[in-house]
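Hello! Here is the structure I promised to pass on to you. Please open it beside this email, and then read on for what was found in it.

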Amino acid sequence: MPQHYPFSAVVGADDMALALTLTTISPAVGGVLVRGEKGTAKSTMVRGLASVLPPIDVISGDRFSTDPRETHPLSPDGPFVADAPTESRPVRLVELPVGATEDRVLGSLHLEKALSEGVTTYEPGLLARAHRGILYVDEVNLLHDHLVDLLLDAAAMGRSTVERDGVSIEHAAQFVLVGTMNPEEGELRPQLLDRFGLTVEVSAPRDPALRVEVVKRRLAYEADADGFAARFADDEAELTDRIQVAQKLVGEVVLGTWALTKIAEICAAFDVDGMRADIVTARAASAHAAWNGRTDVLKEDVRAAARLALPHRRRRNPFDAPGIDEDLLDQILDDDEPEPPPPPPPSDDDGSPLEDSPDHTDPESVEGSEPDEKPPSTSSRGESGAQDVTVDAPGKPYRPRLFTVAGTGAGESGHRSRAVTEDGRRIGAERPGVRTGSIHLTETIRAAAPHQRNRARDGRRIAFRADDLRVAVREGHESNLVLFCVDASGSMAARRRMEQVKTAILSLLLDAYQRRDKVGLVTFRSGEATLALPPTSSIDIAAARLDELPAGGRTPLAEGLLKAAETLRLEHVRDPHRRPLLVVVTDGRATHGDDPLARAHEMAAHLADTGVASVVVDCETGKFRMGLAHELADQLRAEYVPLGEVSAEALTGAIKGAA
């Protein structure tokens with residue numbers, strides 16, 4: 001039974017297939033990042049890619065897949081004799097799990113031999129195994145940033161250097177890096193996005209006929225995998241031959257002055273940072289020409305390369321969606337002999353072909369027209385005609401002050417609260433266990449020293465045993481779950497208070513994005529509490545939910561705190577190591593149900609007893625204040641922060657004023 005679904009049998013993923021093909025033709029392109037919703041055959045196509053790649057020749061017994069034709073192989077297992085035996089094998093698909101450690105990726109000292117024999121031996125990692133193959137990272141957005149950076153460095157340099165634990169090793173690491181991700185689970189940082197050569201957005205086909213064909217093929221594969229693979233055997237063989245020809249031809253492709261100029265004009269027009277976009281587009285255009293059997297780069301090659309190399313590089317802010325204006329791209333490519341611009345609309349007279357197309361007529365330029373902008377707030381009326389619900393847009397975010405969880409945690413590496421992590425400053429040593437880390441040599445020697453008289457050292461100065469090993473304990477920072485519990489009742493709609501609240505939360509969301517936190521959103525209004533956003537790493541989705549958040553109705557504060565408590569309890573079961581930070585945004589009023597304030601304070605005391613770290617952001621404004629949010633903070637044993645002091649600048653100003 002075939003291990004993977006045939007590459008050529010996947011329906012409706014032409015851009016993804018092209019991107020994967022181009023980067024296998026020219027690995028210098030820098031890999032592919034595939035973004036898409038769940039169930040769009042991302043992993044299926046990547047796993048099928050290895051089966052259509054031509055087999056490779058390697059030196060027998062070499063752990064680093066050295067090419068026999070390489071004159072100066074970069075392999076620690078070398079040097080090799082001129083007539084070293086060789087063998088041919090399929091291209092490897094090496095999968096890197098999300099929970100992989102740096103040792104697993106780079107390789108490390110062989111501890112058993114080092115301790116028992118006193119021999120320094122390097123144990124290759126996944127980068128060595130992936131040399132001349134495919135390194136696949138599913139859910140790459142959930143991988144630690146430093147590991148993503150490490151992979152991208154190796155892919156760009158074509159080699160991996162390891163200098164740790166007394167080992168200094170360099171080996172070749174030329175591979176096709178493919179990462180897949182679901183944006184709903186969190187985004188990659190823009191600086192890491194830029195390191196991927198090509199990016200593809202995939203989605204399920206909307207054409208019913210295509211969806212039917214997808215289902216038919218999948219069911220046929222599950223019913224008779226061998227028969228299904230046989231149906232596409234000729235297509236797979238044709239792909240293999242075509243890729244092999246293109247790999248040989250790509251070195252002969254000529255990038256002429258016209259192509260280089262167009263690439264530069266396109267990158268400048270789309271305002272991308274740095275020169276990586278120009279270089280990647282040039283390499284991808286050459287690979288596309290070779291894929292089509294040409295040695296000259298034409299307009300269609302540049303266009304195909306730009307569509308794959310530029311969209312993710314235009315993303316500047318966390319909430320920006322990747323994309324490219326294909327009309328502008330075509331206009332730049334067709335701009336060799338400019339045609340007369342179309343006649344401008346009556347309301348515009350600057351003659352610019354970019355602005356004056358009839359498709360871009362600006363209604364604001366027509367005298368008497370109203371600007372077509374999103375109003376700062378909208379409202380709806382109940383059956384009685386009284387305004388009861390409003391939707392305010394947030395303002396411009398600012399840099400907020402830092403809120404942390406007290407104590408020392410043990411969660412995933414991040415940038416918020418103190419924690420024992422795999423990186424950071426060394427604070428001690430322990431036996432290897434659940435946590436792994438670098439060897440603490442001093443403590444390992446100290447553990448072995450008392451036993452030297454009873455051990456046969458065989459000429460060695462110190463005889464080690466496996467139970468002598470100690471690894472370093474390091475303290476760094478972790479990411480947290482930041483759960484917002486937001487009062488969206490009618491009192492929040494007064495005096496544009498909701499706009500200020502949304503701006504503060506948006507600022508805290510940006511801060512959570514930078515610190516690699518998960519976020520969740522509970523809202524309460526009109527007699528009920530709702531989990532508007534279950535805990536997620538996707539700050540984009542959180543911002544969208546926040547933007548749509550209405551305000552109006554009574555204030556069920558107790559229900560909101562109860563929903564927050566339930567959410568935190570369930571999330572602790574799913575992810576027990578991630579410590580939560582509850583941010584309650586309210587004016588402290590409670591107006592729903594019997595004795596609402598007493599019930600809210602009782603629920604707050606219950607939350608405090610669970611030990612959850614909390615912050616109460618007081619939204620009450622005006623000269624005469626009831627101070628209810630402060631009382632709630634006391635019951636929660638939470639940090640109390642007025643809304644105006646969420647900003648880091650406001651806090652700094654308050655400190656200077658007090659001094």
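**Around Thr240**

Apart from its neighbours within four places in sequence, Thr240 is in contact with Ser51, Val52, Leu53 and Pro54, where contact means heavy atoms within 4.5 Å. Thr240 is found in helix H10 (residues 233-249); helices (H or I, at least four residues) and strands (E, at least two) are DSSP runs, numbered from the N terminus. Thr240 is buried, with a relative accessible area of 16%. For that word the scale is: buried under 20% relative accessible area, exposed over 50%, and partly exposed in between, with a 1.4 Å probe and protein chains only.

Before you go further, please note that this is a predicted model, in which local features need pLDDT of at least 70 and side-chain atom pairs count only at pLDDT 80 or more, while totals for chains, interfaces and linings use all residues. Residues are numbered from 1 along each chain as its sequence is written, and side-chain values use heavy atoms, with hydrogens and water left out.

**The whole chain**

The secondary structure of the protein chain comes to 21 helices and 22 strands. Of its 659 residues, 47% are buried. Among contacts with a separation of 6 or more, 76% come from residues 24 or more positions apart. The accessible surface of the chain is about 32700 Å², and 50% of that belongs to carbon and sulfur atoms; such areas come from the Shrake-Rupley method with a 1.4 Å probe, and for residues only the protein chains shown count as cover.

**Salt bridges**

How many salt bridges does a search of the whole structure find? The search finds 31, a salt bridge being a side-chain nitrogen of Lys or Arg within 4 Å of a carboxyl oxygen of Asp or Glu. One of them joins the side chains of Asp77 and Arg63, at 2.9 Å from N to O. Both Asp77 and Arg63 lie in the loop between strand E2 (56-59) and strand E3 (86-89), so the pair ties together parts that are 14 residues apart in sequence. Asp77 is partly exposed, with a relative accessible area of 26%, and Arg63 is partly exposed too, at 38%.

Another salt bridge is formed by Arg418 and Glu475, whose closest N and O atoms are 3.1 Å apart. This pair links distant parts of the chain: Arg418 is in strand E14 (residues 413-421) and Glu475 in strand E16 (residues 471-478), 57 residues apart. Are the two partners buried or exposed? Arg418 is partly exposed, with a relative accessible area of 42%, whereas Glu475 is buried, at 12%.

Arg578 and Asp575 also form a salt bridge, with 3.0 Å between the closest N and O atoms. Here Arg578 is buried at 11% relative accessible area, and Asp575 counts as buried at 19%. Look as well for Asp15, Arg303, Arg307, Glu326 and Asp330, which are linked in a network of salt bridges.

**Aromatic rings**

A pair of aromatic rings is described by the distance of the centres and the angle of the planes. Rings of Phe, Tyr and Trp (its six-membered ring) pair if their centres lie within 6.5 Å; planes under 30 degrees apart count as stacked, over 60 as edge-to-face and the rest as tilted. By this rule there are four aromatic pairs. Tyr5 and Phe228 form a tilted pair, 5.2 Å centre to centre with 35° between the planes. Tyr5 lies in the segment before helix H1 (14-25) and Phe228 in helix H9 (residues 225-231), so the pair ties together parts that are 223 residues apart in sequence. Both Tyr5 and Phe228 are buried.

The rings of Phe228 and Phe232 have their centres 5.0 Å apart and their planes at 50°, so this pair is tilted. Ring pairs link Tyr5, Tyr221, Phe228 and Phe232 into a cluster.

**Backbone details**

Most residues other than glycine have a negative phi, and most peptide bonds are trans. The peptide bond from Gly78 to Pro79 is cis, with omega near 0°, and Pro79 lies in the loop between E2 and E3. Ser65 is also placed in the loop between E2 and E3; its phi is near 55°, a positive value in a residue other than glycine. Ser65 counts as buried, at 2% relative accessibility.

Happy exploring!
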